[in-house]
Amino acid sequence: MDCQSTYCGKIISFYKAPVVKFVGNSMIYVAFLMLFAYTLLSRFGTTLTAFEVALVVCVSILFFDEILQLKSTGPEIYFQDKWTYFDISRVILFVCGFCLFLLEPRVVSPGLGRMTCSFSFISLCLSLIGLFSFHEKIGPQLQMITKMFFDLLSFLAILSVCVITYAIAAYANLYPASRIDGDLVFNLLRIPYWNLYGELNLEVLELKEPDCTFDRFLYENGTLPRCPTTIGTYLVPLLMGIYMMFASILLLNLLIAMFSNSYAKVQAETHLHWCYQRFTLIHECSSRPRMPLPFILISKLFTMVCCCWPCKKCRRSRKDDYEAAPRTDPVNDKKCNSLVLWEKAVANEFMHGIYKGRTAQL
């Protein structure tokens, strides 16, 4: 009795399929994000509830998944992927946030743990975007977003110089002799940044007494806003005009041109990018366990039962197949040789066609 013809073998072969692993892990991951969102919105109070405990268990399972990937691929291959550091950081953020939540309010200020866990939730949700890489249209768009993101990082280095220069020059003329503190840094960068999006805050430049004050005691304790200087009300609009012309018109259009260049490069090879992403996703799903992470123990138990099948031939084949499955090639030697010969024939025809085309042009 052949092992593959048994129900046990067919069920295991079904759960070994990459598409089944992908769908199962995706459903479990979405359910985990829903639990995280519910806990983040309505829990994380003064006491520890079952929802926080369930969330800790789920994050521990994600950490266990990273350990499995490290064990199966090896440290060199595992740390080659840039998303690996992103996956590790989201677990570290959650651990730090949960520890801060346990220390509230005795050691740390309330809300600090929730804030850190919210950053972990953002990183976990961003990982959900990678599930769309299998789609023929959305997959290459993710590659475009990645390239545009690196373009944006190089652009921000130039933009930050313009923003900081204008912010210091404008604020020094509007409000001289300011006290150096956290509020000063926040207000210093807030105004020029939002100027890029059209929020000019011209009403601040038009404030006059009695709507504002020059008294240091009154504007430092928040009674009235501080009045701008007379020279600042004339000079800062001129600086703002130059700043908006350079930053909003020149630099932002340069960024759009960089985005268009990255889009054109990926669009020219859309199918190749999609094939590579699809291959990467299938390869990753093939190396995963047969069942989603919470059911790994059930999968192990089910495999052990199948290995103890009464048929000796079935038991021997199942054991060999279970141990050698991640290392075997689904194509046997005969088919592999035929495929190599077919690829060589197609490559020769392709090169012959290129040579004929060049000869005709000459």
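Predicted model: local features only at pLDDT ≥ 70, side-chain atom pairs only at ≥ 80, totals over all residues.
The largest cavity holds about 130 Å³ of space.

**Second largest cavity**

- The residues lining the second largest cavity are Phe32, Val59, Leu62, Arg90, Val91, Phe94, Ser120 and Leu124.
- Two or more lining residues are contributed by each of α3 (50–73), α5 (82–103) and α6 (112–127).
- Among the contributing elements, α5 gives the most to the lining of the second largest cavity, namely 3 residues.
- Classified by residue type, this lining comprises 6 nonpolar, 1 polar and 1 charged residues.

**Largest cavity**

- In the largest cavity, with its volume of about 130 Å³, the lining consists of 14 residues, of which Tyr166, Ala170, Leu174, Ile191 and Val236 are the closest to the centre.
- The elements that supply two or more residues to the lining of the largest cavity are α7 (138–174), α8 (182–195), α9 (202–205) and α11 (230–268).
- The largest share of this lining comes from α7, which provides 5 residues.
- The lining of the largest cavity contains 13 nonpolar residues and 1 polar residue, with no charged residues.

- The lining of the second largest cavity includes 1 charged residue, whereas the lining of the largest cavity has none.

Terms used. Residues numbered from 1 in each chain as written. Heavy atoms only, no water. 1 Å grid on protein atoms, 1.4 Å probe; cavity = no way out; pocket = protein on both sides within 12 Å on 5 of 7 lines; lining within 4 Å. Points joined across faces, edges and corners; volume = space filled by probe spheres on them. Helix = DSSP H or I, 4+ residues; strand = E, 2+ residues; numbered from the N terminus. Nonpolar A, V, L, I, M, F, W, Y, C, P; charged D, E, K, R; others polar.
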